[in-house]
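Work through the exercises below with the model open. Try each task before you read its solution.

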Amino acid sequence: MRVFNWLGGDSLLTTLFSNERRCFNRLIDEEGFKNPFCRQPTFRIAGGYIGSQLDHVLVRQSAEILSAIVDPQLYGSDHNPLLIRVRI
């Protein structure tokens with residue numbers, strides 16, 4: 001059940017299971033990555049967002065993020081496409 005926190009992003013689940021999200025974010029940072037979609041919902045349920053970042057793109061901290069967009073259009077999935085441009 002604890003896995004739901006990092007899947008839950010900063011939703012209500014975060015308040016219930018905040019330690020998982022903090023540990024996940026700390027691990028990303030310690031390993032030299034950043035999460036350009038942090039605190040952005042990437043998953044819909046019942047026609048609306050549930051405030052969850054279920055999908056991740058991890059980028060080296062040294063890389064420059066030119067753009068990071070969660071496409072609002074769904075293409076046959078309940079997960080939104082993530083569009084990212086990175087200068088390495």
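**Exercise 1. Rings and charges**
How many aromatic pairs does the structure hold?

Solution. Apply the pair test: ring centres of Phe, Tyr or Trp (its six-membered ring) within 6.5 Å. The structure holds zero such pairs. Arg-60 sits over the face of Phe-33, 4.3 Å from the ring centre.

**Ground rules**
The model is predicted: local features need pLDDT of at least 70, side-chain atom pairs count only at pLDDT 80 or more, and totals for chains, interfaces and linings use all residues. Residues are numbered from 1 along each chain as its sequence is written, and side-chain values use heavy atoms, with hydrogens and water left out.

**Exercise 2. Element order**
In what order do the elements of the protein chain run?

Solution. Take helices (H or I, at least four residues) and strands (E, at least two) as DSSP runs, numbered from the N terminus. The protein chain has three helices and six strands. From the N terminus, the order is α-α-α-β-β-β-β-β-β.

**Exercise 3. Asn-80**
Is Asn-80 buried or exposed?

Solution. Locate Asn-80: the loop between strand E5 (64-70) and strand E6 (82-87). Set the cut-offs: buried is under 20% relative accessible area, exposed over 50%, partly exposed in between (1.4 Å probe, protein chains only). Asn-80 counts as buried because its relative accessibility is 3%. Its side chain reaches the backbone oxygen of Pro-72 at 3.4 Å.

Note on methods:
Rings of Phe, Tyr and Trp (its six-membered ring) pair if their centres lie within 6.5 Å; planes under 30 degrees apart count as stacked, over 60 as edge-to-face and the rest as tilted. A charge sits over a ring if NZ of Lys or CZ of Arg is within 6 Å of the ring centre and within 35 degrees of the ring normal. A polar contact is a pair of N or O atoms within 3.5 Å; within protein, one must be able to donate a hydrogen and the other to accept it, and residues adjacent in sequence count only if both atoms are side-chain atoms.
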